[in-house]
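Good morning, colleagues. I would ask you to keep the sequence and the model in view while I go through the fold.

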Amino acid sequence: MSDETSPRKLNLTACAQTGQLVSGKTDVLELPRLRADLDLSGPPAPPIQWQARVQQREQAGGPPQLWLHLLAQARLPLSCQRCLKPAEQTLELDRWFRFVESEEVAQAEDDDSPEDLLVFEPQFDLLDLLEDELLLDLPLVPMHETCPQPPVLGHSDPAEVVADKPHPFAALAQLKKKSN
Ligand SMILES: [Zn+2]
């Protein structure tokens with residue numbers, strides 16, 4: 001990967017000129033803010049797959065605009081709010097962004113623009129944007145569709161209770177043996 005397409009310092013202007021597709025796989029461990037929200041007690045999460053393309057669009061009566069199309073697919077282990085075990089959530093991103101020259105312009109135009117606005121930077125951190133978007137997309141209450149094990153309520157684990165006491169029929173069988 002050349003310097004111009006390095007995802008932590010993407011050269012937006014160069015990418016728009018070549019129209020080159022930039023893509024890669026990123027380990028969740030490289031995204032510390034996202035990582036903090038994950039339940040990493042299970043098997044390692046697969047890398048996040050992403051691709052991006054920068055486009056320059058001509059517009060009548062003004063300077064050309066820079067747009068970014070970001071696609072990503074992630075399978076992230078979140079903590080199930082029912083059973084507290086890792087629950088894998090699949091997230092798919094498909095987003096368009098338009099670059100503006102400053103934070104002020106972004107704020108001024110934000111309400112009128114259906115697309116998301118980003119402030120232009122000569123070396124743009126694409127992975128930081130990817131992380132932002134994945135964080136926004138995380139479910140508020142992650143849950144298994146069906147939990148692998150029924151949730152444990154309080155301290156009385158039914159499995160332990162059964163293990164501690166002999167099965168009533170087993171006890172009966174012992175009694176029968178003795179009486180013979
Ligand atoms: Zn669960």
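Buried residues make up 17% of the 180 residues in the protein chain, where buried means that 20 or more other C-beta atoms lie within 10 Å of the residue's own, exposed means 12 or fewer, partly exposed is in between, and C-beta atoms are placed from the backbone. This is a predicted model, in which local features need pLDDT of at least 70, side-chain atom pairs count only at pLDDT 80 or more, and totals for chains, interfaces and linings use all residues. Residues are numbered from 1 along each chain as its sequence is written.

The protein chain has six helices and seven strands; these are DSSP runs numbered from the N terminus, with helices being H or I of at least four residues and strands E of at least two. Along the sequence they follow the pattern β-α-β-α-β-β-β-α-β-β-α-α-α.

Two residues are in contact if their C-beta atoms, placed from the backbone, lie within 7 Å. Of the contacts with a separation of 6 or more, 56% are between residues 24 or more positions apart.

I turn to the sheet. Five strands form an open sheet in the order β2-β3-β4-β5-β6, with mixed pairing; two strands pair if DSSP finds at least two bridges between them. At the edges are β2 (21-26) and β6 (116-119), each pairing on one side only. On average, neighbouring strands of this sheet are turned by 30° against each other, direction ignored.

How many bridges join β5 and β6? There are four, in the parallel sense. Phe-99 stands opposite Leu-118 in β6. Helix α3 (residues 103-110) lies across β5 and β6 and runs at about 170° to β6. For such angles, axes are lines fitted to C-alpha atoms, for helices over the stretch in contact, and values run from 0 to 180 degrees between N-to-C directions.

Next, the core. A nonpolar core is a set of buried Ala, Val, Leu, Ile, Met, Phe, Trp, Tyr and Cys residues joined through C-beta atoms within 7 Å. The largest has 23 residues, of which Leu-10, Leu-12, Cys-15, Val-28, Val-54, Leu-126 and Leu-130 touch the most other members. At least two residues of this core come from each of α1 (12-18), β3 (48-57), β4 (65-79) and α4 (126-137), and β4 gives the most, with five. Leaving aside residues up to four places away in sequence, Leu-126 touches Pro-7, Leu-10 and Ala-52.

Finally, Leu-84 lies in the loop between β4 and β5 (86-100). Its phi is near 65°, a positive value in a residue other than glycine. Is Leu-84 buried or partly exposed? Leu-84 counts as partly exposed because it has 13 C-beta neighbours inside 10 Å.
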